[in-house]
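Please open the model in your viewer and keep the selection tool at hand. The stops below are meant to be taken in order.

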Amino acid sequence: MSSGIPSSRDGEFAMCCNDANGERMADITTGQAVEEREKRRYLSQKATPSLGYTIAEPEWYKNARDSPPSSTTMSTAHPTVEADAPVGKPRPSTPMDTEPPITSPPTQFSKSSPIRKGTFYAEHKLEQVQKWGYREETHLKTDFENADDLFEFLGTPDLKGLRSVTFDSADRKKTFFATANSMSKSIKKMYFKDPPNCLVVFKDTEKKIPRGHVTDTKCRPDITAALRSDFSGDDTTFWACIRMAGEWASKGTSLENQEKKAISYLHYLLLARPDLYVAQGMLASDDGILFLVGIGGFGIRRLKIRWDDEKLSKLLYAFIYRTYDPGHFADSSYTLDPIDDDRPTWTITIGVKSQVGDVTTERPVPCRKFLPHYASSPFETRTHVFVTQGEAVDIDGKKLRVLKDQVCRTGKRFEEHKIFAQLHDPKRVPGVVEAVYHKEIELPSQLEGLQIGRKKHRHGLRQVGMPFASIPTVKEMLQVAFDTVEVLRFLRVRKNILHRDISAGNVMYAPPSEDEQDPDASTRDAKGPVFSEYFLSKGRPQATSVLLVDFNHAKDLTDKTDPSNIRVARTGTPIFMARAVGLERALQIPRRDQYLAPMPSAPDQYVEHYQDGRLEKFPPQKSRYFIKGEDEGSAPWRHELDHDIESVFWLMLYWAMTAQPKGGAAEYIATLSWSCLTGEVKARQMLLDGFRSGLTIEGTFHSTFQPLGDLFEQLAEILCSVDRHWLPASDTRNDPEYSAEAFQRLILQFLIDHEKDGDESFMNQAIDSNTRELEGQGAQVPNSSTTNQRSHASSNKRASNRTGQSES
């Protein structure tokens, strides 16, 4: 290739490397070229059905196909790792099954354990319909000391005067529903006479799926409590209307698994009810009732009471009382709007401060008809994102279109609102979401005894985008990728900010509209980012379709007050996480292919613009062999810009692998490719090595998009270089911007090479809203967004995320 990267497919070559004892071995010719040719020949023959004979599988292929290293996990459900998680904390195991709410542990590859048939699932923020599985370290459980402890926590009146009840042992289930509904009537009569039609009823909903969940979950609580008026004729209701959800233990299933199932309903209820700090649930069995309360940002508390316990009646009355009046369990700033379709919306009242002279006042501002767009992590960094379905809310002349509530640890150094203020000072940065409102909200004082150590942060954001997977063509995807790298470079170099969580949910697609322009975008800023459209068509330099969001894991590199500035905990979404970040250390020097990445030549348009800047800093150069010095690699490792750039690669690859051309023939995603993408470091390295060697597994891309393989081959060659951690500081390849520069040159050159392709070319082929299915399983990679997200995207084709000329 013209890049000059040494590759085994260019023939045998000499290289310098270290042997197992660390001693230098210079000018050694390996058998790698032969090995690579064997791989290429075998894969090409395997893909040719007309050969008429069977090809014996070589050992390397058996290992790659059936038995990657035992640490390689096929699980593709990937929760975001919190920035303030302890360093060295092992990655939580994640479920693989998609049958909610309880899933099996991840399948491991091993020689004795072939690939288990089942749906592989990539779960991450905004880009997948969320499936959830029980995780011990996330769903922490603590017991109430006794019935009085639970009663005190509920904080209800003493409930004197209510008749004590018993439950018939002959038919516990039937008796429970009849008795609970009788108790509810008594509670209403004594405490909640008005309005007269608001009666909480308990229904057996084992075969009923509640509607309108933000995650599109299909799980079915056995016990559902809601207002009678909120149930439809078929005894279904909306998740946003559910006041308690529980499970009835069935025979043949362990109580432990039944409890996990009941806890899963608390998980989903907290996601569907942003107004609740505490959600109520239960597990009923032949022995008694396990009362469950799910506390946002904390975990689960529980207490088991036998059916014949004299205190059961009082506790159940107290539980029912809180279904009428959540009291301190609820955030009063939320009001559920009347539901007129299948998408419940909320009115969220925020307090906006104004100052006249020395007097500061706060006025309530209702944000009406805000649709839940995303919700996650109810027992950790509980997050809810809402998007307006009506007019934007005016906040001191700026438009608020998105509200984000997040429960964050107190004392956290890099709080998101401070990051926003820093990166948009003195001018806003195009391509980065802008905050127009922020408020810290204390959790209820009744929860202080739990020492949750968190506060709710409410952000009002000006722009809103669509999921990355909704990008309609290859051309636009590559432009967004180029622009993402540009924004990340600008934030790192000019603002000393690292994002540290590049994912399909945090890189949004927000095409600028024709009638609305960003302030400052039409005026050339010599020090601002310059985006792809400018190089392709001499458009506005700061016009972009990328919108970078979620700076909760971002880091201010100017803050030297904490040792974590040197060594930080792993952050990011695992499917998009850089390999070194996943390991929390630099990548080891490989035994073979110890080369340093080249710097490809830049396109003419790029050269013209950056002749005295980036071109001077990063002149084109060929790759060279790596020779380790004695003092290299001694500096502490930390998350840097080049790791976020690698995340952009995985983001691009995810889009390319799942893209199904609209109207095109269905083609399966190769299982091996998918398992490598969603696996751990060794599996992902195997995928990179395949790209670099020109050995793309058949089925990695749809045949329509196969030409993308050339670009991924070149990008992979950059990533397969010896980790810059081992290079001397004087080497330009040790600059965190090096891989960013190489990526931008390669992506832009690919765009220019195909600039004149017609509307029918792969570059402009529209992708289908449904993703490709997985090989041998007949299972589609789940839809790229939830119902609410797709609804919002379809109603915002005009890209209302861009602010008008009148905005400041």
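Predicted model: local features only at pLDDT ≥ 70, side-chain atom pairs only at ≥ 80, totals over all residues.

Residues are numbered from 1 along each chain as its sequence is written, and side-chain values use heavy atoms, with hydrogens and water left out.

**The sheet**

Helices (H or I, at least four residues) and strands (E, at least two) are DSSP runs, numbered from the N terminus. Two strands count as paired if DSSP finds at least two bridges between them.

Start with the open sheet of seven strands, whose order is S10-S11-S12-S13-S16-S18-S17, with antiparallel pairing. Its edges are S10 (334-336) and S17 (435-441), each of which pairs on one side only. From one strand to the next the twist averages 30°; axes are lines fitted to C-alpha atoms, for helices over the stretch in contact, and angles run from 0 to 180 degrees between N-to-C directions.

Next, select residues 346-356 (S11) and 359-376 (S12), an antiparallel pair with 10 bridges. Gln355 can be found opposite Thr360 of S12.

**Salt bridges**

A salt bridge is a side-chain nitrogen of Lys or Arg within 4 Å of a carboxyl oxygen of Asp or Glu. By this rule there are 42 salt bridges. For accessibility, buried means under 20% relative accessible area, exposed over 50%, and partly exposed in between (1.4 Å probe, protein chains only).

Select Lys260 and Glu256, whose closest N and O atoms are 3.8 Å apart in a salt bridge. Both belong to helix H5 (residues 255-272), where being four residues apart separates them by about one helical turn. Lys260 is buried at 18%, whereas Glu256 is exposed at 52%.

Move to Arg322 and Asp325, a salt bridge with its closest N and O atoms 3.9 Å apart. Arg322 is buried at 6%; Asp325 is partly exposed at 28%.

Then select Asp396 and Arg363, which meet in a salt bridge at 3.9 Å, N to O. Asp396 lies in the loop between S14 (393-395) and S15 (398-400) and Arg363 in S12, so the pair ties together parts 33 residues apart in sequence. Asp396 is exposed at 56%, and Arg363 is partly exposed at 33%.
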